[in-house]
Amino acid sequence: MSAFQANATAIAYLISAVLFIFALRGLSSPESSRKGNLLGILGMVIAIAATVLSPQIVTYGWIIGAVALGGGIGYVIARRIAMTAMPQLVAGFHSLVGMAAVLVAAAALLNPSAFGITDGLGRIFLASRIEMSLGAAIGAITFSGSVIAFLKLQGLMSGTPILLPARHPINLALAIAIIGLIVAFGLSEGAAAGGGNLLWWLIAASFVIGFLLIIPIGGADMPVVISMLNSYSGWAAAGIGFTLQNSALIVTGALVGSSGAILSYIMCKGMNRSFISVIAGGFGGDGGGGPTGQRPERPHKKGSADDAAFILKNAGSVIVVPGYGMAVAQAQHAVRELADRLKSAGVSVKYAIHPVAGRMPGHMNVLLAEANVPYDEVFELDDINNAFSTADVAFVIGANDVTNPVAKTDPDSPIYGMPILDVERAKTILFVKRSLSPGYAGVDNELFYRDNVMMLFGDAKKMTEAIIKTLD
Amino acid sequence: MDTLLAITEFGAKATADPFVQQLSIFVLAIFIGYFVVWSVTPALHTPLMSVTNAISSVIIVGALLAAGAAAGGLAKTLGLVAIALASVNIFGGFAVTQRMLSMYKKKK
């Protein structure tokens with residue numbers, strides 16, 4: 001490759017890295033986001049074109065076939081997927097990035113000269129050995145961890161934590177083995193000197209630890225897990241980027257890695273739990289989790305769709321609080337229809353979103369957007385919490401723990417310190433819920449038994465539709 | 001002062017290892033990522049995840065190098081599989097992001 005070609009290619013990668021930064025920057029507001037996404041696509045086209053046009057690439061037929069096959073599958077999935085299934089889709093996509101990183105590292109080991117990472121004797125450079133082993137290890141953890149997250153989110157595997165008896169010692173031993181293998185592979189001289197097997201063992205150990213790290217984590221902690229795996233996929237890409245000495249890949253890996261890390265932090269904060277405690281696992285399962293046992297039934301007010309319709313119709317302002325239950329029941333369209341009816345009757349309607357509502361960051365916002373709820377009616381916790389004290393009705397649909405005042409009052413509660421939506425300050429509170437069962441934290445919600453609270457038992461979608469019907 | 005001078009002299013004569021240059025890019029990009037991501041509105045955190053997913057599939061450039069090389073047997077095959085996986089992500093990730101973003105509308 002001539003110096004001119006090498007420079008041109010490097011500048012093309014720089015341009016695509018800048019375009020990727022603009023793609024993320026665009027997400028600061030919905031208006032600019034669509035243009036940002038197009039810039040991201042442009043960046044990807046430039047990066048691929050620069051690589052394909054470089055002289056190292058001499059065969060094209062199979063490449064075009066692989067892109068067409070993968071691209072076709074990806075596009076069809078993207079068009080068809082339901083918005084409620086977005087968490088598992090993202091988890092599935094993370095696993096593919098992880099696997100791609102593993103495969104690229106393996107290919108670099110088998111044919112290092114194609115990547116220009118060998119010395120005169122065909123040995124892989126020391127720096128490249130360390131970088132590729134890091135990329136492969138993180139990629140393998142991302143892959144197996146994301147596969148488990150996908151299975152849990154898709155419901156193919158129970159969301160209840162699976163706790164192996166000696167999981168912490170096992171994980172610790174595996175982590176030490178992984179570090180040892182990275183060091184040993186670094187000290188070896190690559191495949192040419194027989195060090196190749198070390199990389200295969202490293203990949204195998206990383207697959208196992210990725211699997212073991214995610215199985216003990218409960219369904220409702222998935223927002224943290226999915227953000228964490230997002231971050232890992234970025235670090236894996238960066239590791240491979242170092243091996244290839246490719247600035248686009250290094251910059252992108254750093255962007256994605258820090259993005260996932262920030263989202264993990266926001267999610268942990270939204271639950272007032274430390275990252276370590278989430279990763280240690282064992283917290284809560286799906287829905288009924290926790291040692292509930294047989295509780296005596298306490299008096300509560302049970303309402304019908306008619307009662308709810310009457311209360312809502314006569315309210316001046318309503319705040320809707322959606323949670324995972326709304327997503328499960330696919331009730332977002334019904335909720336928006338209810339809001340439309342109320343608005344045409346002169347009621348003001350707003351939506352309040354807790355940071356960890358749903359199974360991934362921003363999950364509720366996407367569902368409401370899908371149901372054509374204008375985004376300027378949807379508010380984050382900090383922006384709307386004061387409004388509850390002046391609201392006539394809080395309509396809580398499929399959410400529980402994020403409204404529980406015990407998070408403020410009882411230091412012994414597992415959810416103590418978690419920021420909550422102050423629905424208790426609204427004049428009347430309507431809870432659409434299947435039963436009185438506690439949320440994933442296994443904590444009873446005091447609100448259910450208050451005088452100004454009405455429980456609407458049933459499926460979120462059916463109940464909302466029944467309320468709409470009685471409004472007519 | 002002497003030490004500083006010595007360092008400067010040393011820096012002027014030797015060129016830094018390419019790894020150090022890449023590391024500089026990497027560290028600075030983490031800072032850019034930090035500031036850019038904090039400016040993302042929480043309402044768009046799901047599209048943020050899907051688009052970061054799509055762009056991290058720029059790892060396809062590594063797969064292309066392996067698959068398009070003149071020789072390489074198994075390495076070529078691994079590269080081709082990686083191309084297919086990364087392509088699922090690139091096409092799927094950008095398309096689903098665009099689909100989500102097109103849903104966010106203001107009050108009429």
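Entry 1. I began with the buried area between chain B and chain A, which comes to about 7,900 Å². Carbon and sulfur atoms give 78% of that area. I note here that this is a predicted model.

Entry 2. Next I looked up who takes part. Chain A brings 99 residues to the contact, and chain B brings 78 residues.

Entry 3. Which helices of chain B supply at least two residues each to the side that touches chain A? I found H2 (18-38), H3 (45-56), H4 (60-68) and H5 (73-101). H5(B) gives the most, with 25 residues. I then sorted that side of chain B by residue class: 52 nonpolar, 21 polar and five charged.

Entry 4. I turned to polar pairing across the interface. I got 20 residue pairs in polar contact between chain B and chain A, both partners at pLDDT 80 or more. How many salt bridges are there between chain B and chain A? The count is zero.

Entry 5. Over all chains, the structure holds 12 salt bridges. Side chains of opposite charge can pair when their charged atoms come close. I looked up one example, in chain A. The side chains of Arg341(A) and Glu337(A) form a salt bridge, at 3.2 Å from N to O. Both residues sit in helix H13 of chain A, residues 332-344. Four residues separate them, about one turn of the helix.

Entry 6. Last, I checked the surface for nonpolar patches. I noted one of about 860 Å². Tyr265(A) is part of this patch. Which helix gives the most to the patch? H2(B) does, with eight residues. I located Leu23(B) in helix H2 of chain B. H2(B) is also among the helices that supply the side of chain B touching chain A.

Note on methods
Residues numbered from 1 in each chain as written. Chains lettered and ligands numbered in written order. Predicted model: local features only at pLDDT ≥ 70, side-chain atom pairs only at ≥ 80, totals over all residues. Heavy atoms only, no water. Contact = heavy atoms within 4.5 Å. Buried area = accessible area lost by both parts, 1.4 Å probe. Salt bridge = Lys/Arg side-chain N within 4 Å of Asp/Glu carboxyl O. Polar contact = N/O pair within 3.5 Å; in protein donor to acceptor, adjacent residues only side chain to side chain. Nonpolar A, V, L, I, M, F, W, Y, C, P; charged D, E, K, R; others polar. Patch = residues over 30% accessible without salt bridge, like charges linked within 9 Å, V, L, I, M, F, W, Y side chains within 5 Å. Areas by Shrake-Rupley, 256 points an atom, 1.4 Å probe, with all protein chains shown as cover.
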